[in-house]
Amino acid sequence: MKKEDFLKMASERPVVLDGAMGTNLFLRGMPRRVCAEKWISDNPDVVIRLQKEYTEAGSNIIYAPTFGANRTRLKEYGLADETGELNRKLVEISRKAAEGKAMVAGDLSPTGLMLESAGGEAEPEEVFEVYREQTEALEAAGVDLYVIETMMSEEEILIGLKAILSVTDLPVMCTMTVDENGRGLFGGSIFHAAKELEAAGASAVGINCCSGPDKLKEVIAKIAGNVTIPVIAKPNAGKPVMDQHGIAQYDMSPELFCVHMKTLREAGAGILGGCCGTTPEYIRQLSEMLAKL
């Protein structure tokens, strides 16, 4: 997909993303403390079924399960040398699930390296190379576009975007996880970052994970006032509450989630989906709500 086609699509109607991956995989049998990307590669039918449900619920874009499939994170499991092959397999799984009915985004996340500016030892060049390597694998796998998400550092998301764009001219969506005031955990704010990301070539900017949509109206409105590209809202299903088995349960129903997502749409979000705790039912109700607006 060309960037201009993406922007045209987002200008004509709300774009619906998918919902959570991780929280649903735990509910569908993925063990704790395993490499999620390797487990998905070995158990593709679980994700194919989940992503088919998202597509049927109305998702226009689904995220390939490549969130942690970069060399640094895979190294923790002794899988660094499988970076290219794992990304290929994971994109193939999402392509099979989408069946041409939804676009597949290559998904990148924090590298796991701590930059010097955030108190770590990693140089920007090292972080850049981690993102570049994964992007090359995703590009070869044939994704339709990219998302770099759940970013907590303004500096790292900018490095990631520049690395992705050094490989591809496909659209790139960029989202940070911030507090209710728009601040990133490891520095910067989404408001300043949004302007920098647009200038650097992002096709859309916004937030994901964070809290529930009831806490984000002002954040979305301020992002929308700072940029001319589409704004993304992909929040959690409210607050997590741990059950007796140590599994997070989220306190916002699909109906209430959609009430607050309508508010975020009115505040300026044009690309909407769900993060932790959301299921295909949340996306179905979100899609139906947006269609009525």
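Author: Let us start with a rule: a salt bridge is a side-chain nitrogen of Lys or Arg within 4 Å of a carboxyl oxygen of Asp or Glu. Please keep in mind that this is a predicted model, where local features need pLDDT of at least 70 and side-chain atom pairs count only at pLDDT 80 or more, while totals for chains, interfaces and linings use all residues. Residues are numbered from 1 along each chain as its sequence is written, and side-chain values use heavy atoms, leaving out hydrogens and water.

Reader: What makes E82 and K38 a salt bridge?
Author: The closest N and O atoms of E82 and K38 are 3.9 Å apart, and the rule asks for within 4 Å, so the pair counts. This pair links distant parts of the chain, 44 residues apart: E82 sits in the loop between α5 (71-75) and α6, and K38 in helix α3 (residues 36-42). Helices here are DSSP runs of H or I with at least four residues, strands are runs of E with at least two, and both are numbered from the N terminus. K38 and E82 also belong to a network of salt bridges with D42.

Reader: How many salt bridges does the rule give?
Author: The count is 18. One of them joins E12 and K8, at 2.5 Å from N to O; both residues lie in helix α1 (residues 3-12), four residues apart, about one turn of the helix.

Reader: Why is D144 called buried?
Author: Buried means under 20% relative accessible area, exposed means over 50%, and partly exposed is in between (1.4 Å probe, protein chains only). D144 has 18%, so the label is buried. Its salt-bridge partner R95, with closest N and O atoms 3.1 Å apart, has 34% and is therefore partly exposed.

Reader: What makes A140 exposed?
Author: A140 has a relative accessible area of 70%, and the cut-off is over 50%, so A140 is exposed. This residue lies in helix α7.

Reader: Why is the phi of C210 worth a remark?
Author: Most residues other than glycine have a negative phi. The phi of C210 is near 50 degrees, a positive value. C210 is placed in the loop between β6 (204-209) and α10 (217-226). E99 has a positive phi near 50 degrees as well, and is found in the loop between α6 (83-98) and β3.

Reader: Which residues make the nonpolar surface patch?
Author: They are M114, L185 and F186, covering about 290 Å². Patch members have over 30% relative accessible area and no salt bridge; nonpolar side chains (Val, Leu, Ile, Met, Phe, Trp, Tyr) are joined within 5 Å, and like charges within 9 Å. Areas come from the Shrake-Rupley method with a 1.4 Å probe, and for residues only the protein chains shown count as cover. F186 has 37%, so this residue passes the area test.
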